[in-house]
Structure formats: C-alpha cells, structure tokens
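Thanks for making time this morning.

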Amino acid sequence: MIIHGVHVENAEKLSDVRVDGGVFAEFAPAISPRSGERVIDARGGLLIPPFVDPHVHLDAALTAGDPEWNETGTLFDGIRIWSERKKTLSVGDVKNRAKQTIMMMAAHGIQYVRTHIDVTDPDLTALHAMLELREEVDPYVDLQIVAFPQEGILSFPHGKELMREAVSEGADVVGGIPHFEFTSEYGSASLRFLMDLAQRNDRLVDVHCDEIDDPASRNLEILATLAYESGMADRVTASHTTAMGSYNDAYAYKLFRLLGMSKINFVSNPLVNMHLGGRFDTYPKRRGLTRVKELNEAGITVAFGEDDIQDPWSPLGAGNMLDVVRMGLYAAQLMGYRQIMDSYRFVTYNGAKTMHIAQKDYGIATGRPASFVILNAPDFYHALNENVEVLYSVRAGRVVAQTTPHETHVVLG
Ligand code: FE2
C-alpha cells in the first residue's frame, strides 16, 4: 500500500509512504506503485500516530440523564448518581454502551484506550462486560482495563477483596481514589495497598489522585514516593491531580523534584476538569486543572484524556481527542504557535508512554507497525482550527475507519 501526498508529523514538504507487510517500509518524496499495489490519496493531509485516550470511563458512558441529570455539576453528585445507576447494570447493558462509545472513538482515529472500570460492585458486572469486550474489539482498539474503586478501597465494604478479585480476573491496571476515602489515613493506606497489589501481580498503576480543589489533598507526594522507592517509576500514572492547581508555589517547587525523580506519568482531563473543577468557588473561581504546562516544561510526561462521555460527570463528549486538545490548550494556556503545533503529542506519544506501549510498536518510523491516522489538514494547527475529519485510521497496515469529508458551499446573494 502507498499513501500518496501526506505531511508526516507537520513536515512542510509532502511525502509518499509505503506500507508493506503491515509495517512502514519507506518514506520518500515520490514512490512509484508496483503493479496491483493499492494507492491511497491522502489529499495533502497530516499523518500522525493513532490517537490514544489514556483515561475514559466506558462503563458509565452514554448514561447521562439516567436516572437523573447532574444539575450541580460536582464530582460528588456524579458519584451519587452513578451509584444509583450502577444498581441496574447488566453485562449486556455495559457492553452495548461501551461498544457504541468505542465505535465513536475508532471513527475519530483512536486506537488505544485505557478505561477505568468501577469495581466497587460486589458482582463486578461492569468488569465482566469489559473483559469480554476487550477481546471483541481487539482488531481495531487496544483496550486496557483499570480496576477502579470508584467508592474507595478502605471506605467500601470488602474494597480490598474486590480489588484483588478484579486483578485476578484480568484487569491490566490497578487504580485508586485516595482523596475520596473517608480519611487521609485511609487515602495513604489505599495507596500502599494498591501499589503492593500491582507489584505482586506485575500490573501497571493509574490512580485518580487528588481530584479535588483542596490544597491539603497531598496524596500525590505519597504515590510518587512509593513509585520512586519501589522502582515502579513510569509504570505508575497519576490522573487528574487537580489539587496541584491549588498548591502554593513553594510546595509545588519542592514537589516537582520528587515528581521528576519518580518518573511517573500524568493524565489531565481538561474537558471534565474545567466542568467539575472550581464548583465550590464563588469568585475568584479556579480552573481546577493540574499544572500541565509546568509538568510538560519539566520534562514530565503529561497526556490528555476525555474521561467522561455523556455520563453523570459530563453530559457532553464525542470520543474525539481534538476536542480534548483544544480545551487543554486554552485551559493550560499553551497557545503559542509551536505549542499548538506540537500539542498532538498530548494525545499520541504521551498517551502511548502512559499506557506503556513499547516504543518499537508505536510511532512513525521505518520498521514499526504501520498504525497511523490521516487528518484532513496539512498540519495540526489547521487540524485544530478546522476541526477536521480523520480521513483514514490505519492499524498495522489495515484501514479500520474512513471518513468522506463534508463539503459545504456558501451561497451569497
Ligand atoms: Fe476519571
């Protein structure tokens, strides 16, 4: 297969790309097709690695308004409403909604998804549904499942047992929610428990950490210390960390040294953080976001996730990482031209690193699997401004999604 006329990762000049045996075989200004070789006209579009959403809740997706809408817009009302909806879950219900959401994501060029799945449910219904779905969607999406204790590990009946069971049944990643535990002691104990569980079972870690506008919520320093001392390092991810947006600068300065040493990854969820954050403030009203720009400038990996797609925590969401990046750039004040052009990394390379995808399996280089998307714009600046379609999503040399661009004619007079 030849991709004809494409800008590879914002390059000014057009290239042709040959894919052979499912891997990138050649990049050159012009490649002549062999007889019978398929040629895809990229329309002068932008070729980048496939999108990664390293943080979404597929078990809750598409439940917005059921049993009620979240009218206060707080995280806590979201948890209350979800806890009601959770009582009516069935494997079929979860699978249908999650599959529909994954199809939306696939249409927008997402090929890697890490989903948090609530395991504070004595029947583990959502987990069972997702374990089945992980196999079914494997041809077009890599799905990682996080055992996520939405209502706490120490603060929920049999929380520890449910976490152990979820891991033994096949969850890929161990989660946590220390800021939601009854006490800060429970919060730190939950982190020690989950890190130990992950190490014993050779799993990754991704914790909902300090998702609260409370400068006293300092579970991150504990998670980072455990990651550093255990050597788990970049196998550990801190999601949200929105309290960092409220830490004083002296504490943040001290904290950043530890974060760098720990090598942990960060996931920010700009859409949902902007929506749920600052809800208890009158004015001035905080943004409720972690320090994306400062983490990024310190060389610490930060990825963006969509978090919630039409559920009790966010009534909106389309499974499109361009929406996430756009909000992230505004909210984190990353609006310089170079920052905008490079921002696709938040939802590609940085997400892949967070999900621990091997470097040899991801990225645009000869010999690597030919997995990529082609956006209908010459570079990422225009892609964001024009909210363009993903013309093609290709996975190891196979087209998994294709979109015909819209055509609008403005009729004057
Ligand atoms: Fe989340």
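This is a predicted model: local features need pLDDT of at least 70, side-chain atom pairs count only at pLDDT 80 or more; totals for chains, interfaces and linings use all residues.

Let me begin with strand 5 and strand 6, which pair in the parallel sense over 4 bridges, where two strands pair if DSSP finds at least two bridges between them. Strands here are DSSP runs of E with at least two residues, and helices are runs of H or I with at least four residues, both numbered from the N terminus. Within this pairing, Val56 stands opposite Thr115 in strand 6.

Residues are numbered from 1 along each chain as its sequence is written, and side-chain values use heavy atoms, with hydrogens and water left out.

The two strands belong to an open sheet of 8 strands, with parallel pairing and the order 5-6-7-8-9-10-11-12. Its edges are strand 5 (51-56) and strand 12 (302-304), each of which pairs on one side only.

Turning to the metal, the iron ion is coordinated by His55 (NE2), His57 (NE2), His208 (NE2) and Asp307 (OD), at 2.2 to 2.3 Å. Donors are N, O and S atoms within 2.8 Å of the metal (3.2 Å for Na, K and Ca), and since water is not among the atoms, sites may look incomplete. In sequence, the donor residues are spaced H-x1-H-x150-H-x98-D. Are His55 and His57 buried or exposed? Both are buried, that is, under 20% relative accessible area, where exposed would be over 50% and partly exposed in between, with a 1.4 Å probe and protein chains only.

Finally, the rings: those of Phe, Tyr and Trp (its six-membered ring) pair if their centres lie within 6.5 Å, and planes under 30 degrees apart count as stacked, over 60 as edge-to-face and the rest as tilted. By this rule there are 12 aromatic pairs. In one of them, the ring centres of Tyr112 and Tyr362 are 5.6 Å apart and the planes stand at 75°, so the pair is edge-to-face. Because Tyr112 lies in strand 6 (residues 110-118) and Tyr362 in the loop between helix 12 (349-354) and strand 13 (372-375), the pair ties together parts that are 250 residues apart in sequence. Tyr112 is buried at 6% relative accessibility, and Tyr362 is buried as well, at 5%. Elsewhere, ring pairs link Phe24, Phe27 and Phe372 into a cluster.
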